[in-house]
Amino acid sequence: MKNLILGVAMSICAGAAAAQDVETGAEIYARHCATCHGADARGNGPMAPVLVLQPPDLTALSARNDGVFPMTRVVMRIDGRDPLVSHGSPMPIYGDFFVGDDLSLRTESGQPILTSPAVADLVAFLQGLQD
């Protein structure tokens, strides 16, 4: 029974990871993130100069985390569980766009984290940008 439960859990995690769509993530990024983070995701968007806290270089997330993509931190920043003062409110400022039926993503520690399909797609895009 324990093996059956483990197998089901692993297939759910694997299915969620396969459900991530990098192309959709790129579209979401261009529509909702590039204004501050820049078209190249290096923190140089047209709104960056007016922000109190400058947007980070999103292509260096793994580099700043000892070569490991910080899945937990990224998901929680995007979906609002880890609010950012620089946005004037919890991230995302686009509110309900990033909510929906939850998917399970595997964190850097191997544990699952639940988030919406839009966030999962955006995270897949960001993972592909890492230097």
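Predicted model: local features only at pLDDT ≥ 70, side-chain atom pairs only at ≥ 80, totals over all residues.
Residues are numbered from 1 along each chain as its sequence is written, and side-chain values use heavy atoms, with hydrogens and water left out.

**Overall layout**

- You're looking at five helices and two strands, arranged as α-α-α-α-β-β-α along the sequence.
- Helices (H or I, at least four residues) and strands (E, at least two) are DSSP runs, numbered from the N terminus.
- The chain has 131 residues, and 36% of them count as buried; buried means under 20% relative accessible area, exposed over 50%, and partly exposed in between (1.4 Å probe, protein chains only).
- Take the contacts (heavy atoms within 4.5 Å) between residues at least 6 apart in sequence: 47% of them join residues at least 24 apart.

**The hairpin**

- S1 (residues 103–106) and S2 run antiparallel, with four bridges joining them.
- Arg106 sits opposite Pro112 in S2.
- Five residues lie between the strands of this hairpin, and Gly110 takes a positive phi near 95° there.
- In a regular strand the side chains alternate between the two faces of the sheet.

**The nonpolar core**

- The largest nonpolar core has 23 residues, and Tyr29, Ile78, Leu122, Val123 and Leu126 have the most contacts inside it.
- Such a core is a set of buried Ala, Val, Leu, Ile, Met, Phe, Trp, Tyr and Cys residues joined through side-chain atoms within 4.5 Å.
- Helix H2 (22–32), helix H4 (71–79), S1 and helix H5 (117–128) each supply at least two residues of this core, and H5 gives the most, with seven.
- Leaving aside residues up to four places away in sequence, Tyr29 touches Ala34, His37, Gly38, Ala39, Ala41, Leu58, Leu122, Phe125 and Leu126.

**H2 against H5**

- The axes of H2 and H5 come within 7 Å and cross at roughly 95°; axes are lines fitted to C-alpha atoms, for helices over the stretch in contact, and angles run from 0 to 180 degrees between N-to-C directions.
- That makes H2 roughly perpendicular to H5, a label covering 65 to 115 degrees (under 35 is roughly parallel, over 145 roughly antiparallel, the rest oblique).
- On the H2 side, Val22, Thr24, Gly25, Ala26, Ile28 and Tyr29 meet Ala118, Asp121, Leu122, Ala124, Phe125 and Leu126 in H5.
- The residues of this contact divide into nine nonpolar, two polar and one charged.
- Here Ala, Val, Leu, Ile, Met, Phe, Trp, Tyr, Cys and Pro count as nonpolar, Asp, Glu, Lys and Arg as charged, and the others, Gly among them, as polar.

- Most residues other than glycine have a negative phi, and most peptide bonds are trans.
- Ala41 isn't a glycine, yet has a positive phi of about 65°; this residue is in the loop between helix H3 (34–37) and H4, and counts as buried at 1% relative accessibility.
- Asp66, also not a glycine, has a positive phi near 55°; its place is in the loop between H3 and H4, and it is exposed, with a relative accessible area of 77%.

**Arg73**

- Arg73 is in helix H4 and counts as partly exposed at 35% relative accessibility.
- Apart from residues up to four places away in sequence, Arg73 touches Leu61 and Asp82.

Definitions and conventions. Pairing = 2+ DSSP bridges.
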